Amino acid sequence: MRSSHVDRGRAIEIVGDAVRKEVASFCKTHEDTPVDEPIAWSTYLEEVRGKCPILAGILTAVLSTRTSSGENRTASGASIDLAFGPSGVDFVLSPEQTVKSFPETEWSPNVYGWMQAKPDHYVLCFDNVNLTSTASEQTRSRQNTILNIIHAFAAKDRTPCPDDNKQPAHTVIDGIPTADYLPSSEDEASQKQGLQILVKRILVQWIPCFQDHQDKVTWHSDHVYKDESATRSEMIPLGVSSLDENKVGELIQFLESINKYVPDLQEEPDTILLFGDGLSCDRVYDAQMTMSNTGTKSTCLETLEPAVTDWHKRVILLQDTFDELMSSVIPGSLAHLKHALGQRNLKAAVKNCFNQAYDFIDFVVQIYVVLFAMPRLGLSTLAEEAHCQHNSPETRAELLRDIAVEIINFLWVSPSPIVNEVLSAEEKNKQDSSDEYPSCWCHNEEPGEMVNCTNQKCSNGAWFHLPCVCLTEQTVPRGEEPWYCSTDCMTRCTRRKGKRVEGVDSVLEYLHGVLYHGLGSISRRDAIRENDGERIIRHWKFNLLQFLANGHHRYFNYAARLLTMVNGGASLKLQHQLKWSCTVNPSGSPGRNLEIDLQMKHSNRSFKDVIRVSAGRHSEDTINRNSKLLVIGKQLSYSYDREVAEAKIAYSGASVVDRKEDMNFAIDQLIERDLFSATENRSMPGFKGYCLLLFALDGSRLMQKLAEKKRELSTDRMLMCYNKYMKEPWNRPPSRYCW
């Protein structure tokens with residue numbers, strides 16, 4: 001029978017202390033061994049086995065040797081998650097190098113090895129960890145408490161990284177074209193091609209006549225660093241700090257403590273990416289602004305470049321999808337399928353059930369793709385034989401491609417209108433004189449009655465002379481009667497959720513929205529899993545427009561800053577790392593990369609599991625002691641269950657869910673409704689007049705916001721370059737981190 005969590009956790013802590021003592025003893029015995037010489041654990045383990053067989057078994061599992069392929073495995077062949085040192089060293093640890101809390105002491109000598117071993121490069125990642133202590137009996141002086149601490153790790157680059165770390169001048173940022181922030185026609189074509197591949201994967205999985213075309217579908221991205229992306233990431237935990245990220249002073253102490261991991265180059269310290277979520281990056285900007293008058297690049301904390309990664313972005317966009325489309329329980333809707341398929345783990349807040357929410361929208365997209373394809377193949381059930389079953393493989397391959405193209409053409413919403421509007425507004429802004437009349441098409445100040453466009457965000461002038469718009473005093477709209485200067489303004493104001501638009505098939509538009517958002521979510525995840533840097537940046541361009549349209553102004557700012565840096569606003573090294581080092585691969589397999597901030601979340605959860613045995617007594621000594629168990633805690637728990645408690649638990653890894661029954665059920669429920677046949681004025685309760693309107697933006701406003709963000713970063717870079725040559729620190733003008 002499995003022991004209780006507290007008993008097992010206490011046992012793990014005791015065994016962990018024994019493991020550390022044995023490791024310390026071994027390291028002391030071999031302190032004269034060169035660091036580049038592999039340590040022979042086998043002889044030592046035989047000595048331990050004579051004293052304590054159980055401890056030797058756990059040491060064998062935890063401190064396993066490296067196979068010829070470079071993957072860390074136990075004697076039984078099971079993968080384990082441990083941080084290893086430089087190439088050729090199986091384990092480097094001494095009593096003085098164990099994990100301790102920042103900023104009292106550093107931990108990982110391997111990071112220092114990376115600093116000295118050129119051309120190796122690495123990035124840092126950190127996050128806030130909240131520990132809650134619940135008082136069993138509350139009084140006025142004894143209440144629940146929340147302790148905020150900081151957790152960090154370093155990840156070594158897997159791709160060849162340029163050594164050029166020179167930050168460009170502010171004039172380079174000023175010269176970045178606005179078009180580089182927006183999806184181009186090439187981006188649009190590449191995005192559609194990627195979505196077609198995803199649709200083909202779904203069709204060959206579920207449609208019987210296509211299942212022999214598995215080899216005709218691309219399952220992994222063929223980008224320039226695909227081989228490096230399939231290798232296991234080398235990650236070094238940097239420990240857990242008892243400092244509070246929410247307090248600027250303590251955050252500054254933390255940032256100063258990790259400054260020691262920044263390599264010193266010949267002229268000045270290097271600049272290293274510090275990944276985190278949006279709120280953490282904002283706090284780092286505040287800390288840098290606070291320290292902007294302290295002198296050198298290191299003391300000003302300018303050696304650390306905060307950067308936002310993709311997991312939190314995916315959470316926000318998936319939350320927008322659920323808020324927009326999960327409201328009415330009618331056949332074929334998300335809410336209907338949620339109840340029909342028994343998805344009770346879904347919650348209103350996506351961040352609390354992200355994996356379940358993503359799996360659900362992924363499966364719904366698969367259902368819709370199959371429903372779209374079945375009438376075109378003459379199928380009423382998946383068990384039927386399609387009319388193309390006996391066609392040649394070449395014919396079926398062509399049919400597979402045609403259906404995928406048809407689905408993408410159905411769901412695609414082109415951003416080119418808003419992109420062209422932004423570029424036209426920018427060109428017009430350059431040509432217009434500063435004293436030009438801002439209203440009407442004619443831009444001439446003339447007397448007479450004018451009419452106002454009902455669209456409050458009209459970018460054409462808002463007020464128009466009656467003759468210029470072919471109106472007279474008799475025909476001009478009066479009172480509450482709407483009037484629009486152009487079809488574009490009318491579309492932006494009327495095609496909104498809940499407003500009736502004549503002739504619109506609300507059911508088809510709803511399916512359009514689910515497929516667009518759902519396939520977009522799948523595509524973003526696929527780009528991350530493959531570590532396809534070009535696709536990741538391409539998604540940020542599309543998402544920049546969505547953030548502004550949906551009111552996510554902070555993430556619009558993050559996207560604008562990221563795109564500024566990758567388009568020339570940062571050194572070549574940082575540009576490369578922003579594309580290709582924003583993920584880690586814990587398992588060392590193709591298509592198994594994770595966002596680096598998601599890996600940080602997993603590490604936080606592991607630390608909480610380890611510290612849970614302290615029963616709410618979260619002192620600094622407790623944090624230090626439990627942080628030492630963080631690296632090996634998961635493997636110790638596994639070893640304790642298998643070797644000590646003899647728990648009969650199947651450790652089979654990630655399970656694969658068979659959804660064939662659910663797919664057949666959904667198809668049987670919806671196939672007769674003919675959802676994808678266009679019908680004029682077909683309504684959907686709860687979504688009457690619904691139209692997918694992704695890029696309802698004012699081109700002039702978007703152009704102005706992008707220009708403002710470029711100007712802020714350019715000013716910041718100019719001040720940094722100026723302050724570099726200032727001898728009196730008190731004369732340094734304040735830096736403007738306005739992102």
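**Exercise 1. Find which residues S571 touches, not counting residues up to four places away in sequence.**

Step 1. Contact means heavy atoms within 4.5 Å. S571 touches D164, N165, K166, Q167 and P168, leaving out residues up to four places away in sequence.

Step 2. This is a predicted model, where local features need pLDDT of at least 70, side-chain atom pairs count only at pLDDT 80 or more, and totals for chains, interfaces and linings use all residues. Residues are numbered from 1 along each chain as its sequence is written, and side-chain values use heavy atoms, without hydrogens and water.

Step 3. Helices (H or I, at least four residues) and strands (E, at least two) are DSSP runs, numbered from the N terminus.

**Exercise 2. Decide whether S571 is buried or exposed.**

Step 1. Buried is under 20% relative accessible area, exposed over 50%, partly exposed in between (1.4 Å probe, protein chains only).

Step 2. S571 has a relative accessible area of 2%, so S571 is buried.

**Exercise 3. Work out how many residues of α19 are buried, and what they pack against.**

Step 1. Of the 9 residues in α19, 8 are buried. Among them are L574, H576 and W580.

Step 2. The buried residues of α19 pack against strands β1 (122-133), β4 (272-276) and β5 (304-308). They also pack against α17 (533-549) and α18.

**Exercise 4. Identify which residues touch the most other members of the largest nonpolar core.**

Step 1. A nonpolar core is a set of buried Ala, Val, Leu, Ile, Met, Phe, Trp, Tyr and Cys residues joined through side-chain atoms within 4.5 Å.

Step 2. The largest has 123 residues; I207, Y368, L544 and L702 touch the most other members. Helix α12 (residues 354-377) gives the most, with 17 residues.
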